[in-house]
Amino acid sequence: MPFPFTCPHCGKQTVVPDQYYGQSGSCVGCGQVVVALPPGATPPFAPPPFAPPPFAPPPFAAPPRSIGDDAGMRLLLPVGRSGWAIAAGYLGLFSVLLLPAPLAVLCGILAIRDMNKHPDRHGMGRAIFGLVLGGLGTILLVAMLVGLLIAGIKGR
């Protein structure tokens, strides 16, 4: 049964045969492309109004936390730490042997630069530990080498 149709662009009223229900065509008045539907009808292919998309997360959901954000996990495991900070910590510990001391200073500096570039990484305490003990060990190493050099010169 034909139904009345009003163009949403120009307002021209026409009668559309039933076989053209839901199809698009150009308006006889203005030439714009319109979909032939009776007044108040929704197109068969349109989603229901105000329906949220099925894939949208709820608005109150917090982003998942990383294991490196938990201080307790960082205490037990080296997650979220800079590799340079771990190396600086161990080299600082072994700098009492004096030879790894300059390497501890170098790794401590590289660790701080790495953590400044990547703020999500941790390990500043290890980097400072490596710098301090590596600095002390380097000073002792240099003093020992200078002492040996002076003793060698005087012994000639």
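Among contacts in the chain between residues at least 6 apart in sequence, what percentage join residues at least 24 apart? It's 44% for this chain. And before I go on, please keep in mind that this is a predicted model.

Okay, the overall layout. We've got four helices and four strands in the chain. The chain has 156 residues, and 21% of them are buried.

Helix α3 covers residues 101-117, and helix α4 covers residues 124-154. Their axes sit 7 Å apart, and the packing angle is about 150°. Since anything over 145 degrees counts as roughly antiparallel, that angle makes α3 roughly antiparallel to α4. As for handedness, the crossing of α3 past α4 is left-handed.

Now for charge. How many salt bridges does the count come to? One. The partners are D114 and R121, and their closest N and O atoms are 2.7 Å apart. In general, side chains of opposite charge can pair when their charged atoms come close. Are the two partners buried or exposed? D114 is buried, at a relative accessible area of 13%, while R121 is partly exposed, at 34%. For reference, the cut-off for buried is under 20%.

Most residues other than glycine have a negative phi. L98 is not a glycine, yet its phi is positive, about 75°. Where is L98? Have a look at the loop between α2, which is residues 83-93, and α3. L98 also counts as buried, with a relative accessibility of 15%.

So, to recap: a left-handed crossing of α3 past α4, a salt bridge between D114 and R121, and a positive phi at L98. That's my bit, thanks.

How values were computed: Residues are numbered from 1 along each chain as its sequence is written. This is a predicted model: local features need pLDDT of at least 70, side-chain atom pairs count only at pLDDT 80 or more; totals for chains, interfaces and linings use all residues. Side-chain values use heavy atoms; hydrogens and water are left out. Axes are lines fitted to C-alpha atoms, for helices over the stretch in contact, and angles run from 0 to 180 degrees between N-to-C directions. Helices (H or I, at least four residues) and strands (E, at least two) are DSSP runs, numbered from the N terminus. Angles under 35 degrees count as roughly parallel, over 145 as roughly antiparallel, 65 to 115 as roughly perpendicular and the rest as oblique. A crossing is left-handed if the near helix is turned anticlockwise from the far one by less than a right angle, and right-handed if clockwise. A salt bridge is a side-chain nitrogen of Lys or Arg within 4 Å of a carboxyl oxygen of Asp or Glu. Buried means under 20% relative accessible area, exposed over 50%, partly exposed in between (1.4 Å probe, protein chains only). Contact means heavy atoms within 4.5 Å.
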